[in-house]
Amino acid sequence: MHTRRSSRSLRTGGILLTAALLVSACSASASTGPSTSATAAAEVTLAALPEATPAALAPYYGQKARWRSCGVPGFQCATLKAPLDYAKPGAGDVRLAVSRKKATGPGKRLGSLFVNPGGPGGSAVGYLQAYAGIGYPAAVRARYDMVAVDPRGVARSEPVECLDGRKMDTYTQTDTTPDDARETTELVDAYKEFAEACGAHSPGLLRHVSTVETARDMDIVRAVLGDRKLNYVGASYGTFLGATYAGLFPGRVGRLVLDGAMDPSLPARRMNLDQTAGFETAFQSFAKDCVQQPDCPLGGKGTPTAEVGRHLKAFFRKLDAHPIPTGDRDGRRLGEALATTGVIAAMYDESSWAQLREALTSAMKDKDGAGLLMLSDSYYERDAGGRYSNLMPANAAVNCLDLPPAYGSPEEVERALPSFEKASPVFGEGLAWASLSCAYWPVRATGEPHRIEARGAAPIVVVGTTRDPATPYRWARALAAQLASARLLTYEGDGHTAYGRGSTCIDSAIDTYLLRGTPPAEGKRCS
């Protein structure tokens with residue numbers, strides 16, 4: 001799954017649930033049709049680890065951080081070690097990139113506040129230095145050392161590598177709505193090539209980038225920093241990471257905020273279908289707003305939402321047959337795949353809707369695909385020089401290890417198409433086919449769907465947005481129901497995640513919790 005972004009731009013916050021769908025698709029059992037194992041929530045509960053630190057891990061917990069300048073004013077960086085394989089601590093290490101910005105005062109220091117923007121695959125260090133460390137409320141930054149750890153396999157922490165930029169360009173343009181057997185084979189071949197490249201570049205690491213292992217890494221960093229308990233704000237996939245930490249170490253939970261929550265009990269097939277419906281909900285909100293604007297290229301006032309969707313789908317079909325110019329220096333044209341990604345990117349934040357209208361107008365009326373290509377590139381973290389971050393490889397690596405693949409063959413996807421197209425007439429077909437990618441991953445999944453209860457943990461704040469495209473609100477309700485000490489905080493609105501996105505009610509409730517330890521009242525709702 002891909003869960004991405006946050007409040008300030010398409011790329012700063014809770015990151016990529018969708019990218020996981022478009023790129024690697026978080027998934028579940030590969031049975032041939034709907035079944036209890038493929039669609040129902042799990043009954044297995046994540047078990048807590050022993051409170052005492054095993055002797056074999058003592059050297060990791062006892063290491064010292066050697067802080068140095070990051071080259072970014074006000075921030076320090078360090079490299080810590082964790083065992084590559086927690087079952088065999090002596091069999092090798094993985095290096096973890098850590099960054100912090102010390103509490104500025106005034107007021108008594110409350111410890112470290114870890115942040116994670118989601119993904120999986122989003123750089124927590126990059127998020128800290130570009131936003132959280134300077135953009136979180138001043139009162140929070142005054143009392144906490146702001147801390148980030150790039151998860152193993154991500155960005156500065158021994159990144160998983162796969163295809164080079166040129167091949168990534170080809171991969172992101174692959175048609176994910178195949179019309180015949182030849183196009184289906186081309187899509188499967190693209191998934192296989194991507195997976196084989198990841199296996200060739202990062203063979204050992206791929207087996208050890210699970211969310212459970214990353215949560216255990218966070219506990220090592222917590223100890224090294226001298227914090228008795230972990231304080232944490234995680235967005236999107238970061239909520240899964242934070243909840244996993246709480247399940248493994250309930251007695252070490254400090255103040256945890258899980259914003260844009262995921263439901264760990266669901267198999268990938270169900271998660272992908274739920275997320276597909278979430279993007280349809282977000283698109284409907286966009287469509288209703290679009291037709292009220294004078295520059296909407298998909299319809300005018302009074303145009304039904306379903307018709308707006310049909311207009312967009314028809315435009316995608318035209319691009320499938322006849323891609324349009326973009327002015328890209330590498331010669332990329334805008335086809336259906338890149339255009340769909342560009343539209344989905346704008347669904348994360350309603351502040352991007354005006355940009356999307358402009359991009360669609362240019363593409364539909366002037367045959368200029370530059371605007372939609374720019375949105376797509378921001379989603380995939382491709383820079384102007386044609387270089388990609390390791391977001392997509394890391395996203396696939398974590399997702400495909402955390403859950404078994406949703407589907408095992410093109411035939412299974414074809415049988416599932418009606419349910420996806422019902423969930424989203426606009427995006428359903430492409431997201432169904434994206435759910436196939438983990439079927440060809442070179443490493444078998446080690447995780448499975450499970451509940452997280454974290455009994456004995458301090459109060460945990462779970463935040464859900466009612467029209468969140470990437471992490472549907474039902475997931476927040478489900479996670480809050482599982483966690484024994486959870487308080488659900490609801491934002492009635494659009495966009496992905498809620499903290500720092502303009503709701504004074506949400507921000508005040510979370511700031512009060514972080515600064516005073518007082519969680520929101522049961523059932524609190526904000527707009």
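Reader: In which sense do β8 and strand β9 (residues 253-259) pair, and over how many bridges?
Author: They pair in the parallel sense over 5 bridges. Two strands pair if DSSP finds at least two bridges between them. Strands (E, at least two residues) and helices (H or I, at least four) are DSSP runs, numbered from the N terminus. A note before we go on: this is a predicted model, where local features need pLDDT of at least 70, side-chain atom pairs count only at pLDDT 80 or more, and totals for chains, interfaces and linings use all residues. Residues are numbered from 1 along each chain as its sequence is written, and side-chain values use heavy atoms, with hydrogens and water left out.

Reader: Which residue stands opposite L258 in β9?
Author: G234 does. G234 is also the bridge partner of N116. Strand β6 (residues 111-116) pairs with β8 in the parallel sense, over 4 bridges.

Reader: Why is strand β8 (residues 230-235) called largely enclosed?
Author: Because 6 of its 6 residues are buried, β8 is largely enclosed by the rest of the structure. Buried means under 20% relative accessible area, exposed over 50%, partly exposed in between (1.4 Å probe, protein chains only).

Reader: Which residues point which way from β8?
Author: L230, Y232 and G234 point one way. N231, V233 and A235 point the other way.

Reader: New topic. At what angle do helix α8 (residues 211-224) and helix α9 (residues 237-248) pack?
Author: About 70°, with their axes 9 Å apart. That makes α8 roughly perpendicular to α9. The cut-offs: under 35 degrees is roughly parallel, over 145 roughly antiparallel, 65 to 115 roughly perpendicular, and the rest oblique. Axes are lines fitted to C-alpha atoms, for helices over the stretch in contact, and angles run from 0 to 180 degrees between N-to-C directions.

Reader: What does P83 touch?
Author: Not counting residues up to four places away in sequence, its contacts include L57, Y60, R152 and I220. The C-alpha atoms of P83 and D217 are separated by 8.5 Å, though these residues are 134 residues apart along the chain.

Notes: Contact means heavy atoms within 4.5 Å.
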